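Biologist: I am new to this structure and would like to go through the words used for it one at a time. Could we set each word against its definition as we go?

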Amino acid sequence: MHTTEKGNYLIEFLPYIKEFAGNTFVIKYGGSAMVNDELKMAFSKDIALLKFVGINPIIVHGGGNEIGDTLKKLDITTKFHKGLRITDEKTMEVVVMVLAGKVNKEIVLNINRFGGKAVGLSGVDANIIKAKKLLLEDVDLGLVGDVEEVNPDILMNLSKSGYIPVVSPIGFDDRGSRYNINADTVASSIAQVIQAEKLIYISDVDGVLDNNGKLISEIKIKDIDKMIDSVLTGGMIPKVLSAKEAIENGVKKVHIINGKKHHALLEEIFTDAGIGTQIVR
Ligand SMILES: NC(=[NH2+])NCCC[C@H](N)C(=O)O
């Protein structure tokens, strides 16, 4: 008997399904992976598939350009400091509306169209993300926060019961303030607290690229410090540093993949070579 080409390809999935069934993957979804309907559908199908093969995805999403677009429509002008939006009370209201309302519900709806049972939550729900104000020396960013404590109970309960939690990166504090938090940071914090098998960043680039623009398929955390400023630049530095922190704190592997490529998530997870960069101990 001869194996068909497709059969040959599909059977490569088997060891990974076996290895990962029952594991939790925290997936940061945002940016370019959200720019058009086709990409949104591809992502939603991938997530539904993961759940059907026994993997428990927990999604943390960003806002894409939606927050900026809505602020513009409402004629609210905001200032930026090093890429971070200075967020007053009025701006924060819009952030909550857009993230926990529009963006979150759309992701949930899309996943459910393909047979998933996604449930949308913000970090305020069931006290998932206790936050503190992000303090910078030179500027007051207002309601921009950092994670203080993660309470993953509801996420674990939902996952166990067959649901797919979709979390907006909004935190709360004891004084009743809400904070806008970087979605990469929230994903990493959740992954650490639940000791996730994988933390997956869906980004705008193929992964970590070397100085010739070639993809680096694997990075060991001991090599990261010497790569900073030589190989790693710009927005990749905080991503890779948070990957390192996650692994030092018990997450097994971190992956950075390109959200613009349809089904990159499946290729990374279920093939030997993957398609992005994996960061390992
Ligand atoms: N970028 C890479 N080298 N990826 C390899 C992925 C291997 C395997 N599919 C995993 O998820 O663990």
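Biologist: Which residues of helix α2 (residues 13-20) are buried?

Modeller: The buried residues of helix α2 are Phe13, Tyr16 and Phe20, where helices are DSSP runs of H or I with at least four residues, strands are runs of E with at least two, and both are numbered from the N terminus. This is a predicted model, in which local features need pLDDT of at least 70 and side-chain atom pairs count only at pLDDT 80 or more, while totals for chains, interfaces and linings use all residues. Residues are numbered from 1 along each chain as its sequence is written, and side-chain values use heavy atoms, leaving out hydrogens and water.

Biologist: Why is Phe13 called buried, and why is Tyr9 called partly exposed?

Modeller: Buried means under 20% relative accessible area, exposed over 50%, and partly exposed in between, with a 1.4 Å probe and protein chains only. Phe13 has a relative accessible area of 16%, so Phe13 is buried, whereas Tyr9, at 43% relative accessibility, counts as partly exposed.

Biologist: What makes Tyr9 and Phe13 an edge-to-face aromatic pair?

Modeller: Rings of Phe, Tyr and Trp (its six-membered ring) pair if their centres lie within 6.5 Å, and planes under 30 degrees apart count as stacked, over 60 as edge-to-face and the rest as tilted. The rings of Tyr9 and Phe13 are 6.0 Å apart, centre to centre, with 65 degrees between the planes, and the pair is therefore edge-to-face.

Biologist: How do you know that the pair of Tyr29 and Phe43 is stacked?

Modeller: For Tyr29 and Phe43 the distance is 3.6 Å centre to centre and the angle between the planes is 5 degrees, which makes the pair stacked. Tyr29 lies in strand β1 and Phe43 in helix α3 (residues 37-52), so the pair ties together parts that are 14 residues apart in sequence.

Biologist: What makes the link between the side chains of Arg85 and Thr78 a polar contact?

Modeller: A polar contact is a pair of N or O atoms within 3.5 Å; within protein, one must be able to donate a hydrogen and the other to accept it, and residues adjacent in sequence count only if both atoms are side-chain atoms. The side chains of Arg85 and Thr78 make such a contact at 2.9 Å. Arg85 itself, at 17% relative accessibility, counts as buried.
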